[in-house]
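Please keep the sequence and the model at hand while reading.

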Amino acid sequence: MSEIQNTTNHADLAEVFNNDEARVDWHDETLWWIRSKRDVAVNKISNWEVLRETASQIKHNVLSNLNNYLQQFEGNAIANGIIVHWAADATEHNQIVLSILRKHSIGQMVKSKSMLTEECHLNDFLEENGINVIDSDLGERIVQLAKEMPSHIVLPCIHKKKEEIGELFHQHLGTPAGNADPQFLTETARQHLRDTFLTRRAALTGVNFAIAETGEFVVCTNEGNADMGAHLADVHIASMGIEKIIPERKHLGVFLRLLTRSATGQPITTYSSHFKRPNKGKEMHIIIVDNGRSIQLGREDFRNSLKCIRCGACMNTCPVYRRSGGHSYHNAISGPIGSILAPNLDMEKYADLPFASTLCGSCTNVCPVKIDIHQQLYKWRQVIVKNGYVPAAKTASMKIMDWTLSSPTAYHTAGKAGRLVLEYAPFMVNNKLNPWYKHRDMPEPPKESFGEWYKKNRK
Amino acid sequence: MKVGLFIPCYVDQFYPGAAIACLQLLEKLGVDVVYPKNQTCCGQPMANSGFEHLTGGCNDLFIKNFSEFDYVVGPSGSCVLHLKEHLHNHDNPEIATTLSNKLYEFTSFLTDVLKVKSLPARFPHKVGVHQSCHGQRGLHLSQMTELVAPEFSKPGSLLNMVKDIELIHLNRKDECCGFGGTFCVAEEAVSSKMGKDRVEDHLHNGAEYITGVDMSCLMHMEGILHRQGSKVKVLHIAEILNGE
């Protein structure tokens, strides 16, 4: 489902997205509205910045002692009656899920929101192995019907207009053509999912927080779909990245206050469900997944990216994300946080993402766990260049720039030549070969540079 | 107090008026200010493109030109931030640290070092203030809308000393203009759309002029205004503060 997205880069995909300017405006306004709701919510907490710092420090502690906390969590979870699996990568994770389903002869599964399973491309894998998967989060269900990736980690179908969802439901769920009433469409999805919940024997959920102290985990949803799936099924599988650990239950008081205020401006998720042990006669599995995270943990400059609690605030505030759409990032996790996580997984494939930013720094400021996102984007650029994943022409032009700017004589000559070109041969610059000129005029060249003026007018 | 005037390369080449205004205002305020003529560029265009390892020449030149001064002042939040974060010297790390500690963006030098309380300027126009990201979020020249923290603005406090100026309200107070150095050509579509949207906010709210601490953002917005045939002009904040 993602093959078209692998063939190109962010700038090209964003250019396609920008062919429909009205749609860009709509996308930008929609996400800005969510950023504004977040602003209202966080300004009601007078010690918001203290809360962010506290969360950041707790995660700092977790990342510094991750091995111990994971083992503590595993021990307590096993004691609670949960079956714990370890997966080194996406392939192992997917195989574990499949083996659990096969063991129980289950051919259909319901799944609530889990960005980790998107990262592992679990749906594709299970479909290939004859397992039918239905996503129960409404947004995920919509992108699943559309055979698309989520474009946002919290709002998977934020790129879709209600009319498009109406058309999709008309095709797949038999709603009347042309009906785009959100209330009606939601009710239709609810009825369809109700049947799914009642008939599926296996349910997969994500994990928002795994508590080392108790061996329990917390799943946050607004729709209650994780609970519906998990409680009605015989087998509950929960997939979590190794970084989801928090040391103690009391720390939830910090993270639950931050998560949804940052994400959507709500005080808390509608459902913050604690899972501790399986019901009688049922099975509960946890799959603890690495998939590149321990490599990232070893990268000192990028380690803090593992503090992420997947709130999506950096996407909502990012002026580039809002105007390029999540699919332009050709990765399961898009936006600023995706741009610092993805190069760890495949530096060549995602070499473009750290450059899809003006380094404005707004992402860093909204991040509830204070990840220095824009600083990491800058640092990834250096790493990517040093590893040779930029076009040779760019390297050549940078070397010329270095030579010119390191020598005052070369700089003054080039500057004068540049201004003369602009004055007497503007067509050399103002043409289709200069991307600047497509939507912007060049500055009018002044008669003299400041340096030249200074020489005449001072001393 | 001896001050070295650091004029970013594109200001030197394209916006000498902004540099002259900085020089004249500093002189008016009684500062002994000198422009070292062998300066070129801070190296930011290369560094932000991932080629920080090629900026050694720019660093050495900057240190050579400016180490002798008590303060170094530049009319660009972005270039000053780049130097403060990345200026280094392999053989003598201390010389780079000392220099970056006495390096100031123009408006913060006025508010924090000179502690300017009044200015003899008058500018009877409606003005939109563009918060350039690197000055604002990087150098903390003004409060950021993302944070739950008290309001302040160094450039704003200076503009409020200008007689008859009317600072307009913007719908999005501190959204990026989309310039972003090489981003403006590498990501042309998003960059120009960001610029258009930023300009539109100022136009919609009745700006006659758009000002800010960074000529690069203003150059970007000027390119869009000019293309649209707008009469609205951009001015570096120094040109307003230095006005009669």
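Predicted model: local features only at pLDDT ≥ 70, side-chain atom pairs only at ≥ 80, totals over all residues.

Residues are numbered from 1 along each chain as its sequence is written, chains are lettered from A and ligands numbered from 1 in the order in which they are written, and side-chain values use heavy atoms, with hydrogens and water left out.

**The contact between the chains**

Chain A brings 77 residues to the contact and chain B brings 73 residues, where contact means heavy atoms within 4.5 Å. About 6400 Å² is buried between chain A and chain B, and carbon and sulfur atoms give 59% of that area; buried area is the accessible area (1.4 Å probe) that two parts lose on being put together, summed over both. Between the two chains there are 40 residue pairs in polar contact, both residues being at pLDDT 80 or more. A polar contact is a pair of N or O atoms within 3.5 Å; within protein, one must be able to donate a hydrogen and the other to accept it, and residues adjacent in sequence count only if both atoms are side-chain atoms. On the side of chain A that touches chain B, α2(A) gives the most, with ten residues. Helices (H or I, at least four residues) and strands (E, at least two) are DSSP runs, numbered from the N terminus.

Helix α1 (residues 10-17) of chain A has H10(A), A11(A), L13(A), A14(A) and F17(A) as its buried residues, buried meaning under 20% relative accessible area, exposed over 50%, and partly exposed in between (1.4 Å probe, protein chains only). Because they cover an arc of only 165° around the axis, these residues lie on the same side of α1(A); the arc is that of the directions from the helix axis to the C-beta atoms. They pack against α2 (21-42) and α15 (319-322) of chain A, together with α10 (183-186) and α11 (188-204) of chain B.

S362(A), found in helix α17 (residues 362-366) of chain A, is buried, with a relative accessible area of 3%. Leaving aside neighbours within four places in sequence, S362(A) is in contact with R35(A), T317(A), R137(B) and E146(B).

**Salt bridges**

A salt bridge is a side-chain nitrogen of Lys or Arg within 4 Å of a carboxyl oxygen of Asp or Glu. The whole structure holds 44 salt bridges over all chains, and the count between chain A and chain B is eleven.

| Salt bridge | Closest N and O atoms |
|---|---|
| E29(A) and R172(B) | 3.5 Å |
| D28(A) and R322(A) | 2.8 Å |
| D234(A) and R201(A) | 3.5 Å |
| R122(B) and D164(B) | 2.6 Å |

Both D28(A) and R322(A) are buried. In contrast, D234(A) is partly exposed, with a relative accessible area of 34%, and R201(A) is partly exposed at 36%. In chain B, R122(B) counts as partly exposed at 41% relative accessibility, as does D164(B) at 42%. Salt bridges that share partners join several residues into one network, among them D28(A), E29(A), R322(A) and R172(B).
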